[in-house]
Amino acid sequence: MMRLALPKGRNLSFVRAAFARAGLTLDGFDFSGRLLQQELPEDGVEVLLLKDPDLPLYVERGVADFGAIGSDVLEESGADLLVPVRLVEGGCRLSLVGRPGTKLRNGRQLRLATKYPRTAREWLASRGLGAEILELSGSVELAPVLGLADVALDIVQTGSTLRAHGLVELETVRDVGICLVVNRGAWQAHRAALNDFVDRLEAAGAVR
Amino acid sequence: MRISAELPIGVAALIGAAATRLRRLEGLLAGELEADGFEEALLPLLDYVDPYQPILGAAAQAELYRFVDRDGELLAVRADFTPMLARLLAPRLEALGRPARVFYRGEVVRRDADHPGRRRALWQLGAEILGVEGEAAEHEALERFLGLLARAGVAAPRIVVSVAGALDRVLQQGRSRSEALGLAAAVERRDRSMVRAVPALLGVVESGLPADLGSLGDDRLAARLEHLETWCRHLETTHPGLMVRLDLAEFAGQTIDPELAGTSGARSYYDGLVFRAFAGRGFLPVGSGGRYDSLYQRLGAATTAVGFSIGLDRLVEVLEEDPPRAAIVTLGRTNEVPR
């Protein structure tokens, strides 16, 4: 039985919908219960429900064979995983946000708040910018609102949260989507089954 | 005064039974190699950085822990046995005689980004075969590698085999260097959306080989891969429980074209057969190897060179697991075969 890691966060509903279109309904999993590990014999998988930042490590270390996770989390983790497809649903963007008129170069060191310090460092280096990176665990958009930071690097979906706080998108850093991720060794062991599943996701129009 | 027992990220101490387990495994495998005529090389933990500048790519250079000693010399901690052994053996090959069979054991230390679960200090045992011509060297290296895994008690390893540079020509067609390297990375990730426009690579991503080997643009390579495929099937019949797969995607980044080489990862010296073994419940990588004639040639030594290394701490981890259950799996139903 293969072990599938699912993200507990905002992407779970998108992943479930996409997988269901490909015939992996996961109907037997009790998502409202307290059990984070459940076997679904009818689906041929054992499911783990994990916090998003932890999921790449579980798959990289082979505790889970495959899973689904946002590309923002995947890239921040630096995990060595295979990524056969990206799902159509759940797209958003990673953007630099701040008060209108915020300048990135203004003679003093920029303060940047984010949940993605590694991604932030790479982006700053690509732009030739320096900044004090303030690593936060949530409500990142509050940092520029309340003056903890000048800007924030955060996920933007509709932009309504930004507008509600008087913030604007200063720059789109990259598009974010949900990735199917697979352990490198598990791919070799279960290649036929995984290819078949990816084929079904593609046939169902669930992938980009 | 309380002294902290905390160690730096990525390193571990083994004490008592844990240390005994690793040393016993190391001794078992070293004994096998010695019995087969391999001579041990005890290599230093520190070396100058300068001799490695011409032979290590950017990724390999980046993983070195470097420091300036009291005499102002730039030194590095050993990160990889193969280049160190090559630099020390290349001037001595005439005295050693050919073929030379050498093995080593010990730690390598690699500077890695702070990544949960990733080790920076690794216990390894490896072997090198120098001066054996043609495929015989590759066959010997892989057979010895498999033999050591079996001797250690690894059940049902998965071996992936390829040829370094096999995809170079396809990757470079009409692409800039950065585009070709990006495409190589996408192939290694099995990223269908990125390779969809290149039919030959889509086949490689899905099944390890293109449907038509001729699409790789190299008749000699196509013939070699056919021969390699035959040999892989032979290995499976002679090693029950073994799975050997020819998969060009696994090593898509292992380029040899000078336009691409040097940027394809820390072990970018492979220039022929390459292989990697996965084992255990989590299919963890437990060892790898391949051919690297050009590494010695760059050091002025005209010799063939094929070798492999086994990750001893990873191997101990795998051997301490409960036996895995073999399963024939379709996502949607399972026919589970208890082992």
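This is a predicted model: local features need pLDDT of at least 70, side-chain atom pairs count only at pLDDT 80 or more; totals for chains, interfaces and linings use all residues.
Figure 1. Apart from its neighbours within four places in sequence, A:Trp123 is in contact with A:Leu96, A:Leu104, A:Leu112, A:Leu129, A:Glu171 and A:Val173. A:Arg16 is 107 residues away from A:Trp123 along the chain, and the C-alpha atoms of the two residues are separated by 31 Å. Of the 208 residues in chain A, 53% are buried. Among contacts in chain A between residues at least 6 apart in sequence, 67% join residues at least 24 apart.

**Figure 2. Helix α1 (residues 12-21) of chain A and the elements that cover its buried residues.** The buried residues of this helix are A:Leu12, A:Val15, A:Ala18 and A:Phe19. Around the axis they cover an arc of only 130°, which puts them on the same side of α1(A). An α-helix has 3.6 residues a turn, so residues three or four places apart point the same way. The cover over the buried residues of α1(A) includes the strands β1 (2-7), β3 (45-50), β4 (66-70) and β10 (178-182), together with the helix α8 (191-203), of chain A. After α1(A) comes A:Gly23, whose phi is positive, near 95°.

**Figure 3. Two residues of chain A other than glycine with positive phi, A:Leu26 and A:Ser139.** A:Leu26 is placed in the loop between α1 and β2 (37-40) of chain A. Its phi is about 55°, a positive value, although A:Leu26 is not a glycine. A:Leu26 is buried, with a relative accessible area of 1%. A:Ser139 is found in the loop between β7 (131-135) and α5 (142-146) of chain A, and its phi, likewise positive, is near 50°.

**Figure 4. Helix α1 (residues 17-35) of chain B, with its buried and exposed residues.** At 1.5 Å a residue, the 19 residues of this helix should span 27 Å, and the end C-alpha atoms are 26 Å apart, which agrees. The buried residues of α1(B) are B:Leu22, B:Leu25, B:Glu26, B:Leu29, B:Ala30 and B:Leu33. Seen down the helix axis, these buried residues fall within an arc of 125°, so they line one face of α1(B). The face turned away from the buried side carries the exposed residues B:Arg24 and B:Ala35. Among the elements of chain B that cover the buried residues of α1(B) are β5 (100-109), β6 (121-130), α5 (135-152), β11 (305-311) and α12 (312-319). B:Gly37 follows α1(B) and has a positive phi, near 90°.

**Figure 5. The cis peptide bond between B:Arg98 and B:Pro99.** Omega of this bond is about 0°. B:Pro99 is located in the loop between α4 (93-96) and β5 of chain B. The strand β5 is also one of the elements that cover the buried residues of α1(B).

**Figure 6. The largest cavity, with a volume of about 150 Å³.** Of the 16 residues that line this cavity, B:Tyr52, B:Leu56, B:Leu64, B:Ala79 and B:Asp80 are the closest to its centre. The elements β2 (46-48), β4 (74-77) and α3 (81-89) of chain B each supply at least two residues of the lining. By class, the lining has 11 nonpolar, no polar and five charged residues. The structure holds two cavities of 30 Å³ or more.

**Figure 7. The second largest cavity, which holds about 40 Å³ of space.** The lining of this cavity is formed by B:Glu135, B:Glu138, B:His139, B:Arg224, B:His227, B:Leu228 and B:Trp231. The elements that give two or more residues to the lining are α5 and α10 (219-238) of chain B. The largest share, four residues, comes from α10(B). By class, the lining of the second largest cavity has two nonpolar, two polar and three charged residues.

Key
Residues are numbered from 1 along each chain as its sequence is written. Chains are lettered from A and ligands numbered from 1 in the order in which they are written. Side-chain values use heavy atoms; hydrogens and water are left out. The expected span of a helix is 1.5 Å times one less than its number of residues. Buried means under 20% relative accessible area, exposed over 50%, partly exposed in between (1.4 Å probe, protein chains only). The arc is that of the directions from the helix axis to the C-beta atoms. Contact means heavy atoms within 4.5 Å. On a 1 Å grid over the protein atoms alone, a cavity is a set of points where a 1.4 Å probe fits but cannot get out, and a pocket is an open set with protein on both sides within 12 Å along at least five of seven lines; lining residues have an atom within 4 Å of a point. Grid points are joined across faces, edges and corners, and a volume is the space filled by probe spheres set on the points. Ala, Val, Leu, Ile, Met, Phe, Trp, Tyr, Cys and Pro count as nonpolar, Asp, Glu, Lys and Arg as charged, and the others, Gly among them, as polar.
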